[in-house]
Each structure stands twice: as structure tokens, then as C-alpha cells.
Amino acid sequence: MQHRTVGDLMTHGVVRVRRDTPFKQIVRTLADHDVTAVPVVDDLGHPVGVVSEADLLRTVAGHPDPAGLLPQLPPDELEAGLERATARELMTVPPVCALPEWSVVEAARTMDEAKVKRLCVIDETGVLTGVVSRGDLLRIFLRRDEAIREEITRDVLVGTLGLAPADLTVSVTDGRVALAGTVEDESLVPVIERLCLGVDGVVSVTSDVTVRADTPSDAPGPR
């Protein structure tokens, strides 16, 4: 089975800024490229942080209310003036990074644990090569049901387990896999279910798979 990796799903040619990029230029960069965050890189292209809309708004919130309706923040809580703020002061550090060969599950768990919406993708030298977002990872669930069914039949049942196509029928509806048929060894059933769950785009697996009536209970399993 060919699982999609971070490298398959990530956005290439990522827009980025430098540590000395000023506040207003960062805002313009986000608007021009219709993104909500940008990596900050050093002179070698290594990611050193990420500036998001939330980081920018935090800086705006630290300024006095021009209408004078809100209480003044203490001086030590006021951010540097917008005209002097750069990515260096605005960015969130350190950036959370991934490698191109990571699986969707590994990237999703990293995002969840770090409470971030995107990961900087770096190569073996630490240079930024892309960005993968939550939306990118979820694209695997847009796979056509027929493509999922074909992969399960060809790669899981026949290619991996050596079963005959007539042994089991596979139906897929909105990523939900239903299996029916017979096998020679009852221990195969959880193996089939687990492998089907590992196919990209599968949401759930239900099975109505039984052991053939003419199969001895002490029949050896697959070699």
C-alpha cells in the first residue's frame, strides 16, 4: 500500500519572511497570498519561527484605544510601536517542524500535541521546503470511494494477504468500508480490518466475514 506522506500533501513554494520584515509588510504578505501565517527564515532558509494573524492581532491589541473607550494597559504590557515591530518580535518560537517522509498520522498527532494549525516541512539539512496544514492532511479523505475499494481489493486482500478476489466483497460509501465473505482462518478477520483501516481515506470498517464451514478448526493459518 502506498500511503500519502507529508511530502505528497504539503504546499510547495511557500511564501516566507525574514526576521527583519516589518509589521505592515507581513500583513500585506498574508493578504496578497491569502494565507493566515508565514514561516520566518534565517539567511540559510532555516525556519526560526512563525508569524500568524493571531500574533499580529496580539500586537494591535497591546496598543492604546484611539477612541479612548478602553482602559489603558500598564506601560510594561504595551507592545513596541507597530512602525518598529518586525517578525523577530512578533513570531512564535520555536517553529514546529515535520519531515517530508512523515505519515499523515504522525503529522496530525504532532499538530494536536503542539496545538498548532500547520507544520513547517524541512529537508535533511533543516531548510524549509514546504508547509503542511490541517486542511492538507484532511485531503486524503476526499479520495473517491472506488479508488479506496480498488486499493483494498488489489493491495490488501490480494497483494498482502493472498486472498482470492471471490473470497470477500468490498463496498465503500463515503469512506466507510463494508466487508463480507468467508476466510479459512478466523484470526485473519482482525488483520483484514486493521489493514483496511490503514488505507488512506478510510473512515471506518465493518465486517460480516465468517469462517468457511468446511475449514477444520485446527487448520494452519497463512504462512
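Biologist: Where is the place of Val183?

Modeller: Val183 sits in strand E8, residues 176-183. Keep in mind that this is a predicted model.

Biologist: Is Val183 buried or exposed?

Modeller: Look at the relative accessible area. Buried means under 20%. Val183 has 1%, so Val183 is buried.

Biologist: Which residues does Val183 touch, leaving out those up to four places away in sequence?

Modeller: Val183 touches Leu168, Leu188, Val189, Ile192, Val209, Thr210, Val211 and Arg212. Distance along the chain is another thing to read. Val183 and Leu163 are 20 residues apart in sequence, yet their C-alpha atoms are 8.4 Å apart in space.

Biologist: Leu188, Val189 and Ile192 are on that list of contacts. Which residues of helix H8 are buried?

Modeller: Helix H8 covers residues 188-197. Its buried residues are Leu188, Val189, Ile192, Leu195 and Cys196.

Biologist: What do the buried residues of H8 pack against?

Modeller: They pack against helix H7 (145-160), strand E7 (168-173), strand E8 and strand E9 (204-211).

Biologist: Let me try helix H2. Which of its residues are buried?

Modeller: H2 runs over residues 23-33, and Phe23, Ile26, Thr29 and Leu30 are buried there. They cover an arc of only 120° around the axis, so they lie on the same side of H2.

Biologist: Which residues are exposed on the other side of H2?

Modeller: Lys24, Ala31 and Asp32 are exposed there. Look also just after the helix. Asp34 takes a positive phi of about 55°.

Biologist: Now the sheets. What is the order of the strands in the sheet with E1?

Modeller: The order here is E1-E2-E3, in an open sheet of three strands with mixed pairing. The edge strands are E1 (17-18) and E3 (47-52), each pairing on one side only. E1 runs parallel to strand E2, residues 37-41, and two bridges join them. Within that pair, Arg18 stands opposite Val41 in E2.

Biologist: Which strands of this sheet does H2 touch?

Modeller: H2 packs on the sheet and touches E1, E2 and E3. The direction of H2 makes about 125° with that of E2.

Biologist: What is the order of the strands in the sheet with E4?

Modeller: The order is E4-E5-E6, again in an open sheet of three strands with mixed pairing. Strand E4 (97-98) and strand E6 (128-133) are the edges, and each pairs on one side only. E4 pairs with strand E5, residues 118-122, in the parallel sense over two bridges. Cys97 stands opposite Cys120 in E5. Helix H5, residues 104-114, packs on this sheet and touches E5 and E6. Its direction makes about 125° with that of E5.

Biologist: Loops next. Where is the place of Thr86?

Modeller: Thr86 is in the loop between helix H3 (53-61) and helix H4 (87-90). Apply the accessible area again. Thr86 has 16%, so Thr86 is buried.

Biologist: Which residues does Thr86 touch, beyond four places in sequence?

Modeller: Thr86 touches Arg19, Asp20, Thr21, Pro22 and Phe23. A polar atom of the Thr86 side chain lies 3.3 Å from the backbone oxygen of Arg19.

Biologist: Where is Asp136, and is Asp136 buried or exposed?

Modeller: Asp136 is in helix H6, residues 134-138. Its relative accessible area is 10%, so Asp136 is buried. A polar atom of its side chain lies 2.9 Å from the backbone nitrogen of Ser133. Beyond four places in sequence, Asp136 touches Leu9, Met10, Thr11 and Val131.

Biologist: Step back. How many helices and strands are in the chain?

Modeller: The chain has eight helices and nine strands. Of its 223 residues, 38% are buried.

Biologist: What is the mean pLDDT of the chain?

Modeller: The mean is 88, and 84% of the residues reach 70 or more. Over residues 76-80, the pLDDT is below 50. Beyond near neighbours in sequence, that stretch has eleven contacts in the model.

How values were computed
Residues are numbered from 1 along each chain as its sequence is written. This is a predicted model: local features need pLDDT of at least 70, side-chain atom pairs count only at pLDDT 80 or more; totals for chains, interfaces and linings use all residues. Side-chain values use heavy atoms; hydrogens and water are left out. Two strands pair if DSSP finds at least two bridges between them. Helices (H or I, at least four residues) and strands (E, at least two) are DSSP runs, numbered from the N terminus. Contact means heavy atoms within 4.5 Å. Axes are lines fitted to C-alpha atoms, for helices over the stretch in contact, and angles run from 0 to 180 degrees between N-to-C directions. Buried means under 20% relative accessible area, exposed over 50%, partly exposed in between (1.4 Å probe, protein chains only). The arc is that of the directions from the helix axis to the C-beta atoms. A polar contact is a pair of N or O atoms within 3.5 Å; within protein, one must be able to donate a hydrogen and the other to accept it, and residues adjacent in sequence count only if both atoms are side-chain atoms. pLDDT is the predictor's confidence in each residue, from 0 to 100.
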